[in-house]
Amino acid sequence: MGKGEEGLFSNVDFQNIQSSLSDIKKELGFEKNYSKKHWEIIEAAIRVFSEKGFAAGRTSEIAKEAGVSEGTIFNYFKTKNDLLQSIMMPFFLFVSRPFILKGIESFLSSRPETPVEEGLTKLAVDRVNLIEEHRCLVKTVFAETMFHPELFTSIRDKIFPGVVEATQRVFNSEVENGTFRKVDSFAAMKVFLGMIFVHTMMKEMCSDLQGSEDDDGAIRQMIDIFLNGVGTEKGFAPQK
């Protein structure tokens, strides 16, 4: 970690999240207890893997990043693959659970007093900020799922169902409010989440093309297109 660079978990009070950690360990099937040193090594691994990938990232580099000897890593994690599996712990804690829960309940409780466009914009902005706050962690997990079936299985079985259920709750509630048409809520969820993830990726990959538009403005424009489409009455007749 560079001089003056803030750690990924530096602002986390692990004493106050022990119950959440306990629940997540049960979900993931982890048995070990995680000490401060475990978290420091995991943080270092996330930085190395996000930059070089799991295959190219060396445990010696992780040790240097963590400020420990290479042998110390294997005192806490049996293998390099064991260390990769442990990255799912902070991913569940800091990304997937907040992605599912943070903002969803407030959105539902604030409707219908808050206009749906404002509510969805805030929800989308919160999701984008969450992904960007944990960019290295998200990048590592999703990149390695292509090469490690066990990570893919964890996301498919333990994360994705919660994301689907929470997002569908939002869309189904709007159908009940009469603000959304009765469309397939799963299809609507894919469009909505797709906008968020593609927007986040393109901010990094195509920053020159995006211009000087502020992030909130870009997200607000996406929500407008999501709600109102790009077609006109002249172009097509809406399906009933």
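**Close-up views of a predicted model**

**View 1. The crossing of helices α11 and α13 is right-handed.** In this predicted model, we look at the place where α11 (residues 185-205) and α13 (residues 215-228) meet, their axes coming within 11 Å and crossing at roughly 155°. An angle over 145 degrees counts as roughly antiparallel, so that is how α11 and α13 lie to each other. From α11, the residues making the contact are Ala 188, Val 191, Phe 192, Met 195, His 199 and Lys 203. Helix α13 answers with Asp 215, Ala 218, Ile 219, Met 222, Ile 223 and Phe 226. Sorted by class, the contact comprises 9 nonpolar, 1 polar and 2 charged residues.

**View 2. The largest nonpolar core of the model takes in 60 residues.** Have a look for Ile 62, Leu 120 and Phe 192, the residues with the most contacts inside this core. Helix α6 (residues 88-101) supplies the largest share of the core, with 9 residues.

**View 3. Leu 120 and its contacts beyond four places in sequence.**

**View 4. Phe 74 sits in helix α4 (residues 70-76).** With a relative accessible area of 38%, Phe 74 is partly exposed. Setting aside residues up to four places away in sequence, Phe 74 touches Thr 59, Thr 79 and Lys 80. Thr 59 lies 15 residues from Phe 74 along the chain, and their C-alpha atoms are 9.2 Å apart.

Note on methods:
Residues are numbered from 1 along each chain as its sequence is written. This is a predicted model: local features need pLDDT of at least 70, side-chain atom pairs count only at pLDDT 80 or more; totals for chains, interfaces and linings use all residues. Side-chain values use heavy atoms; hydrogens and water are left out. A nonpolar core is a set of buried Ala, Val, Leu, Ile, Met, Phe, Trp, Tyr and Cys residues joined through side-chain atoms within 4.5 Å. Buried means under 20% relative accessible area, exposed over 50%, partly exposed in between (1.4 Å probe, protein chains only). Helices (H or I, at least four residues) and strands (E, at least two) are DSSP runs, numbered from the N terminus. Contact means heavy atoms within 4.5 Å. Axes are lines fitted to C-alpha atoms, for helices over the stretch in contact, and angles run from 0 to 180 degrees between N-to-C directions. Angles under 35 degrees count as roughly parallel, over 145 as roughly antiparallel, 65 to 115 as roughly perpendicular and the rest as oblique. A crossing is left-handed if the near helix is turned anticlockwise from the far one by less than a right angle, and right-handed if clockwise. Ala, Val, Leu, Ile, Met, Phe, Trp, Tyr, Cys and Pro count as nonpolar, Asp, Glu, Lys and Arg as charged, and the others, Gly among them, as polar.
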